Amino acid sequence: ASRKRQRYVEKDGKCNVQHGNVRETYRYLTDIFTTLVDLKWRFSLLIFILAYALTWLFFGLIWWVIAYSRGDLEHLGDHSWTPCVNNLNGFVSAFLFSIETETTIGYGHRVITDTCPEGIVLLLLQAILGSMVNAFMVGCMFVKISQPNKRAETLVFSSHAVVSLRDDRLCLMFRVGDLRDSHIVEASIRAKLIQSKQTQEGEFIPLDQTDLSVGFETGDDRLFLVSPLIISHEIDERSPFWDVSRGQLERDDFEIVVILEGMVEAT
């Protein structure tokens, strides 16, 4: 019976690694764009909604403060009084005017007058900040939507890897295929042997990574993946499996991670 082993990389491609005791968490905020892209969809949508709602509320409050400090709310029925914003009679209308300003709806019922310099400055600031929020959040959502995470669902690897003779040479082989009609451009493949080892000096290295040659010298690692292909690693003097017997191969605790990279033709 096969042993139950803890995988370094799951079958769906997710790395089974958790980062613990990370003290310098501020580094995630220095690259806020990538942090937002890496968040789960529910958190990304929440931040997307809050970014706009809080901006509208913040500027709506400032518009209401300007109207209140100028005394516009005390002269609502006075036609001889020129307010900063026409038809602004409370916080709700200030909030609506903030939404109309930032989203450039411009219904025309509430409009700023030319006798309010502080309102003109605030209008410019909200227009600039609104454009920045739009560019940042829409760009973040576009990158998140265009991520080809699900593209790997139609990339199929063989269930088992085999070691056998091929052209009178002992090889480790597996098969990979693409189920979609849209091809992967500039596809390349590489393999890593993940295994703990001990150096000659006695240093123990957990999860050491060793390259497995799958045709880098000959260019066979560049794939034209229109039909299923057999990927082969020749077990020669340069291979880490050269001194490993069949019995030791069954007993050793190691993992082979295969990485297929390329560009999706459609996107």
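This is a predicted model: local features need pLDDT of at least 70, side-chain atom pairs count only at pLDDT 80 or more; totals for chains, interfaces and linings use all residues.
A residue is called buried here when its relative accessible area is under 20%.

**Helix α5**
- Helix α5 spans residues 117-145, a run of 29 residues.
- From the first C-alpha of α5 to its last the reach is 42 Å, close to the 42 Å expected at 1.5 Å a residue.
- The buried residues of α5 are Gly119, Leu122, Gln126, Gly130, Val133, Met137, Cys140, Met141 and Lys144.
- These buried residues pack against three helices, namely α2 (32-38), α3 (41-70) and α4 (91-102).

**Helix α4**
- Helix α4 comprises 12 residues, and its end-to-end C-alpha reach of 16 Å is close to the 16 Å expected at 1.5 Å a residue.
- Buried positions in α4 are Ser93, Ala94, Phe97, Ser98, Ile99, Glu100, Thr101 and Glu102.
- The cover over the buried residues of α4 includes α3 and α5.

**Domains and annotation**
- An unreviewed UniProt entry lists residues 155-267 as "domain: Inward rectifier potassium channel C-terminal".
- Over residues 155-267, the chain is 53% strand and 5% helix.
- The end C-alpha atoms of residues 155-267 lie 16 Å apart.

Notes:
Residues are numbered from 1 along each chain as its sequence is written. Side-chain values use heavy atoms; hydrogens and water are left out. Helices (H or I, at least four residues) and strands (E, at least two) are DSSP runs, numbered from the N terminus. The expected span of a helix is 1.5 Å times one less than its number of residues. Buried means under 20% relative accessible area, exposed over 50%, partly exposed in between (1.4 Å probe, protein chains only). Contact means heavy atoms within 4.5 Å. UniProt positions are given in the numbering used here, feature names are shortened, and annotations may be inferred rather than shown by experiment.
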